[in-house]
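Here are my notes on this one, jotted down while going through the model.

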Amino acid sequence: MVRPSASAEPDSAAPKATPPVTQSPERQTVALPHGLAIGGDGFMVVAGPCAVESEEQLLTTARAVRDAGAGALRGGAFKPRTSPRSFQGLGELALRYLEEAGDETGLPVVTEVMDPRQVDLVADHSAMLQIGSRNMQNAPLLREAGRTGMPILLKRGAAATIDELLAAVDYIVETGNENIVLCERGLRSFDPSTRYTLDLAAVPVLRTRTPLPVFVDPSHGTGHRHLVVPLALAALAVGADGLLIEVHPDPARALSDGPQALTPADFSALMDEIRRWIPPSGRYLSTAGQIAAS
Ligand code: PEP
Ligand code: MN
């Protein structure tokens, strides 16, 4: 059971109780189609392009990530871009491509919903709704997404505290939906060496505050392809329940986030590394169509 976060109205004068390091609330799992689940001892990698650009681009990527061991397919249909002049996504057409690719590969589809009015449309074509960092505190969207009862991947805002992330969780939980996976994706900081500063400490911190599974997104969190693999492995080491990874068949031509996209070959190499470190972490890799204990 997810209980409302204790510090909805933080009292700055009151000393904050620091939970003992060993304290860890009971763990909750979130079920996806095909018998897949996020959380528990499973580790799941959700991978795919930043944005769906064409049927072929998506299918090529979906097959590659499935073959390499992904557990679900990501891909943006409605893209939250900083500039209105940047590619905004293919919208409903992309949702149809995502559904087709999911059906063909057996991968559950995770895609972002940005507008409460589009929740039903996006829900009709996907298995899990993503709420992006820019919308973490969009209460009407949190409520509308929550009401579907579907699994929700809630990304932490780039300037959001853990308390604020857990307060956003409360909006969804109030609708009666506890199928929530949190995702650390990097914080706005002062150093342009990386796109954001990936707060890996958020994973063990969240462990002491919520039973919900926690993902890490090293693609947006670093912004650079060569940093994705080391931070992905670090996320596994700090106990994350899974990863969100951007993959593109031709990153140089990607319409969004090319510099952080792995090629299918890079992704396959990442999955080999993950398989190497899964046994010492006491986990198993949760893959589409099978549970690989390798
Ligand atoms: C994404 O995952 O597609 C995305 C836009 O990420 P974020 O909301 O973390 O910027
Ligand atoms: Mn992206």
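**Notes on helix packing, the core and some single residues**

1. Helix 1 contributes E55, L58, L59, A62, R63 and R66 to the contact, and helix 2 contributes Y97, L98, E100, A101, E104 and T105. Sorted by class, that contact holds 6 nonpolar, 1 polar and 5 charged residues. Nonpolar here is Ala, Val, Leu, Ile, Met, Phe, Trp, Tyr, Cys and Pro, charged is Asp, Glu, Lys and Arg, and the others, Gly among them, are polar. Contact means heavy atoms within 4.5 Å.

2. Some ground rules before going on. This is a predicted model, where local features need pLDDT of at least 70 and side-chain atom pairs count only at pLDDT 80 or more, while totals for chains, interfaces and linings use all residues. Residues are numbered from 1 along each chain as its sequence is written, chains are lettered from A and ligands numbered from 1 in the order in which they are written, and side-chain values use heavy atoms, with hydrogens and water left out. Helices (H or I, at least four residues) and strands (E, at least two) are DSSP runs, numbered from the N terminus.

3. Back to the geometry of that pair. Helix 1 (residues 55–68) packs on helix 2 (residues 92–105) at an angle of about 30°, and the axes are 10 Å apart. That angle is why helix 1 counts as roughly parallel to helix 2. The axes are lines fitted to C-alpha atoms, for helices over the stretch in contact, with angles running from 0 to 180 degrees between N-to-C directions. Under 35 degrees is roughly parallel, over 145 roughly antiparallel, 65 to 115 roughly perpendicular, and the rest oblique.

4. Helix 1 has another partner, helix 9: an angle of about 20°, with the axes 9 Å apart. So helix 1 is roughly parallel to helix 9 as well, and this crossing is also right-handed. A64, V65 and A68 from helix 1 meet P264, F267, S268, M271 and R275 from helix 9. The class count for this contact is 6 nonpolar, 1 polar and 1 charged.

5. Which helix pair is oblique? Helix 4 (residues 139–147) and helix 5 pack at about 45°, with axes 7 Å apart, and that makes helix 4 oblique to helix 5. The contact is built from A139, L142, R143 and G146 on helix 4 and A168, Y171 and I172 on helix 5. By class, it divides into 5 nonpolar, 1 polar and 1 charged.

6. Now the core. The largest nonpolar core has 83 residues, and L154, I245, F267 and I274 touch the most other members. A nonpolar core is a set of buried Ala, Val, Leu, Ile, Met, Phe, Trp, Tyr and Cys residues joined through side-chain atoms within 4.5 Å. Helix 5 (residues 162–173) supplies the largest share, 7 residues. Skipping neighbours within four places in sequence, I274 is in contact with F43, V45, L233, L236, L243 and L285.

7. Helix 8 (residues 225–237) has L227, V228, A232, L233, A235 and L236 buried (under 20% relative accessible area; over 50% is exposed and in between partly exposed, with a 1.4 Å probe and protein chains only). Their cover includes strand 3 (42–48), helix 7 (218–222) and helix 9 (264–277). Just after helix 8, G239 takes a positive phi of about 100°.

8. Beyond neighbours within four places in sequence, S219 is in contact with V228, L244, I245, E246 and Q260.

9. H34 sits in the loop between strand 1 (30–31) and strand 2 (37–38) and is exposed at 55%. D257 is in the loop between strand 10 and helix 9, and at 16% it counts as buried.

Conventions. A crossing is left-handed if the near helix is turned anticlockwise from the far one by less than a right angle, and right-handed if clockwise.
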